[in-house]
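Me: Could you go through this model with me? I would like to see how the values lead to the words used for it.

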Amino acid sequence: YISITMNKDIFLTNNLSNKKEKFIPINDKKIGMYVCGPTVYDNPHIGNARPLVVFDILFKILKCKYGKESVTYVRNITDVDDKIIKSSEENNISISDLTKRIIQNFTDDCNFLNCEKPSEQPKATDHIDLMIKMISELISKGYAYEKNNHVYFQVNKFSDYGKLSNKKIEDLVAGARVEVSENKKNPEDFVLWKPSINNEPFWDSPWGKGRPGWHLECSAMSKKFLGKEFDIHGGGIDLLFPHHENEVAQSRCANDTKVFANYWVHNAFITMSNEKMSKSQGNILKIKDVRDKVNGQVLRLALMSAHYKQPLDWNNKLLEDCKNTIEKWYNIYLFLKTPSKIPDDILLPLYDDLNTPGYIANLHQLYDKALRGNENDKKIFISACNFIGILNETKNEWLDFKKKKSLISEENIIKKIELRNKARENKDYNEADKIRDELLDKGVLIEDKDGKTSWKIK
């Protein structure tokens, strides 16, 4: 862990005000950050990876500024949900086995991306009693009602509803963004508890056997670990409405507070060919599926290459550029037993609303200086890379991954090159190009120079 003394202020874009604000904690000795984690019905995709890295960087910056003992980072795991039930049925696997498998894959993905463990990672199913208690409080205070073993939050009872997402109740169209049900008093009301049917998981409650609504878990668990009011709530922009809006409503009403979280930080989408990554688009790229093909450092650098508030278009050129950058940076790699102090001006972009592209630009400048400079310059460069989770492997580990990534043996590579050379001699350039592309697909780059063909692992 790199200890850095820096008196500069942290600035964050706050969706509550829709502007960049200076971060002022409630208590600088007890800073709380809650980030919505995965719903474990399927393996995480690249879009899910972006908030993992974004809020990992914010966690580092908060610890850098206030000390690591002063920051609590909570990221939940949703392990009871309609999507989980549906996935278990479709894949003919028990809910318990499904959630265990996905949680393990999620953990492996976090390690692959070199993300620090959060301070707390609570599971929804371990906190059902707290959710039942919160629902009972909302009913007793007149904010929620029960009908036919369902419990709903009555949105029009909370005057500030829509303030976070800048939506008005009258603009919400029944059936468009809200669930229609004959049990509701109003179309916009959202579920706090629902009955379980057939073999669905259930818990006993005053309203019968059932399970909580999705929004409720974050309100209950954030209160347990961070209190009724805390500093930062984060997640993807897709969670702004209705999930985060509903969290605010139920938390403030249950806790009798004017504030839930002071700063709402949301990362933008990842796109592929400028289309949002989603199942409906058929362009989902799972992290698990690329672990053997792309080094985790490359993925991490790619995820930091655009500002978190801007969409990030995912493509092969982005990955190739990031791989080449890290390859170059390993030219001056040093193993550090203890990190060097990073100059304040290098860190400044991260303090200014997590400007990772600005920080990466500073790393390029540090590299150029280290290339011409002394060992101390190299130590500062390596330390600055390590701070954001890059160059955390030794050079040999980096080279070993490149060797393993090749899906073809050295003997077969040489045979393929000989076949390509014969095809070129016979002027069969289509066949030669086909062999070159085949090698490229298997992670082998070939180059013709001065009448000779050389190769290397991409």
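Me: Where does P242 lie?

Reply: P242 lies in helix α6; helices (H or I, at least four residues) and strands (E, at least two) are DSSP runs, numbered from the N terminus. The peptide bond leading from F241 into P242 is cis, with omega near 5 degrees. A word on the background: this is a predicted model, where local features need pLDDT of at least 70 and side-chain atom pairs count only at pLDDT 80 or more, while totals for chains, interfaces and linings use all residues. Residues are numbered from 1 along each chain as its sequence is written, and side-chain values use heavy atoms, with hydrogens and water left out.

Me: Why are α4 and α6 called roughly perpendicular?

Reply: Helix α4 (residues 128-140) and helix α6 (residues 240-255) pack at about 70 degrees, with axes 9 Å apart. Axes are lines fitted to C-alpha atoms, for helices over the stretch in contact, and angles run from 0 to 180 degrees between N-to-C directions. Angles under 35 degrees count as roughly parallel, over 145 as roughly antiparallel, 65 to 115 as roughly perpendicular and the rest as oblique. The angle of about 70 degrees therefore makes α4 and α6 roughly perpendicular.

Me: And what makes α11 roughly antiparallel to α12?

Reply: The axes of helix α11 (residues 356-372) and helix α12 (residues 375-387) cross at roughly 160 degrees and come within 8 Å. That angle belongs to the group over 145, so α11 is roughly antiparallel to α12.

Me: How do you know that T99 is buried?

Reply: Buried means under 20% relative accessible area, exposed over 50%, and partly exposed in between (1.4 Å probe, protein chains only). T99 has 9%, so T99 is buried. This residue lies in helix α3 (residues 95-112). Leaving aside neighbours within four places in sequence, T99 is in contact (heavy atoms within 4.5 Å) with V40, D79 and I84.
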